[in-house]
Amino acid sequence: LLRGGVVYSPRPLGKQDILIGGGKILGIFPPGSESVVSLVRSGTVLVHDLTDKILIPGFVDIHVHVTGGGGEKGPESRTPEAKLEELLAGGLTTVVGVLGTDSVSRGPGSLLTKTRALERQGLSAFMFTGAYRSEPFPTITGSLMSDLTYIENCVGIGEVAISDHRGSQPSADTIRRIVADTRVGGMLAGKSAVAYFHVGSGPTLLEPLLDVVDNTPLPITQMLPTHIGRTDALATAGLEWLKRGGRVDVNTNSRAAGVLNSYRNAGAELLDRVCMSSDAYGSLPSYDGAGNLVGYDYGRPDRMLRQLQSMVKAHRWPLEQILPLLTSNPAHFLGLQRGSIAVGARADILALDNTSLAMHTVVAGGSLMLTPGCVASDMFSNS
């Protein structure tokens, strides 16, 4: 029993007590409810006092390089694999694993294995098949459509690179086929599969995807472009994409607040088609005007939490307005039953300090995974 917290589902529900059992939310009760009082008196429930903490759904991060990423600066620049304790500290209770630039020394088989490991450790973990590279596509079964159809936790194809010098420069026909295979594979598997496109800073921006919209019967929502805040030009292209009914993924970084503010100013209803992701463990290379690599780092898995804190504290967004972009929106885009606090939902809940919004407690799949004195960790971790 999580007792005394102020709940956002992500909509505000006020102070509530949340009963959890069997990995799910069994009930949500107002303080002093006779049902809760009886349970506590019976001694049959474990009570976790979260008085005045803010309770929100666990973050749904659809862009995590769980097997590591990078490699643009040689083999020594490969970034590290995801660590359970780091994901939990960042509030990530649902992750979608992706491959990036390097699909040579890493592949979809190892990605599937890592997501299975995270599932066994208590998180919800899914994957995209494919990578930056197209033709040939890295797959497990031999085809993108078969991966979607036969691999249960495969929820789409991506992240396929467009408008980026690190991609395969796919033709219009190739991009159309990727989106078509995503649609049919999703239909056969009963999934809301998406074609997830990494968009670089090249001059074509979203034009390769607009070709699909303008010249095929495939719906615009079958595609989800990411890195939309990378440049001002791409952010503007993303706004036009939203106005046409599309959805976008904005990575959590120093540019994100400006992009979100501009989208909200254009119409708050547009935010229903925006999600955010961390690009955790992916490389963050910097290039000069001549295309030379001049800086290198990798994304940390606490970027979703830091973005939430920034939007609420520095940019004065209501918590209930920014929360869907980190929880229910990405879950909805991928057809995942995650990202909400509701009776019958999987019990993925974060408890935040009500002033600093610092992480206090993480519940994943109904289990306490992080508390002020303890955090679940990998088998070979020293934590």
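Trainee: Which residues are linked in a network of salt bridges?
Mentor: Keeping in mind that this is a predicted model, the network of salt bridges joins E72, D164 and R166.
Trainee: And how many salt bridges does the structure hold?
Mentor: There are 15 salt bridges in the structure, and one of them is between E81 and K114, whose closest N and O atoms lie 3.2 Å apart. That pair links distant parts of the chain, since E81 sits in the loop between β6 and α2 while K114 belongs to helix α3, 33 residues apart.
Trainee: Is K114 buried or exposed?
Mentor: K114 is buried, because its relative accessible area is 11% and buried means under 20%, whereas E81, with 42%, is partly exposed.
Trainee: What about D102 and R106, are they buried or exposed?
Mentor: Both D102 and R106 are buried, and their side chains meet in a salt bridge of 3.6 Å, taken from N to O.
Trainee: Changing topic, how many residues does the largest nonpolar core have?
Mentor: The largest nonpolar core has 81 residues, and those with the most contacts inside it are I56, F197, V250, Y263 and I322. Helix α7, covering residues 232–243, supplies the largest share of this core, namely six residues.
Trainee: Which residues does V250 touch?
Mentor: Leaving aside residues up to four places away in sequence, V250 touches several others, including I228, V259, L260, Y263 and M276.
Trainee: Which residues does the second, separate core include?
Mentor: That second core has 15 residues, among them V98, F128, L224 and L334.

Note on methods:
Residues numbered from 1 in each chain as written. Predicted model: local features only at pLDDT ≥ 70, side-chain atom pairs only at ≥ 80, totals over all residues. Heavy atoms only, no water. Core = buried A, V, L, I, M, F, W, Y, C linked by side-chain atoms within 4.5 Å. Buried < 20%, exposed > 50% of the residue type's maximum accessible area, 1.4 Å probe, protein only. Helix = DSSP H or I, 4+ residues; strand = E, 2+ residues; numbered from the N terminus. Contact = heavy atoms within 4.5 Å. Salt bridge = Lys/Arg side-chain N within 4 Å of Asp/Glu carboxyl O.
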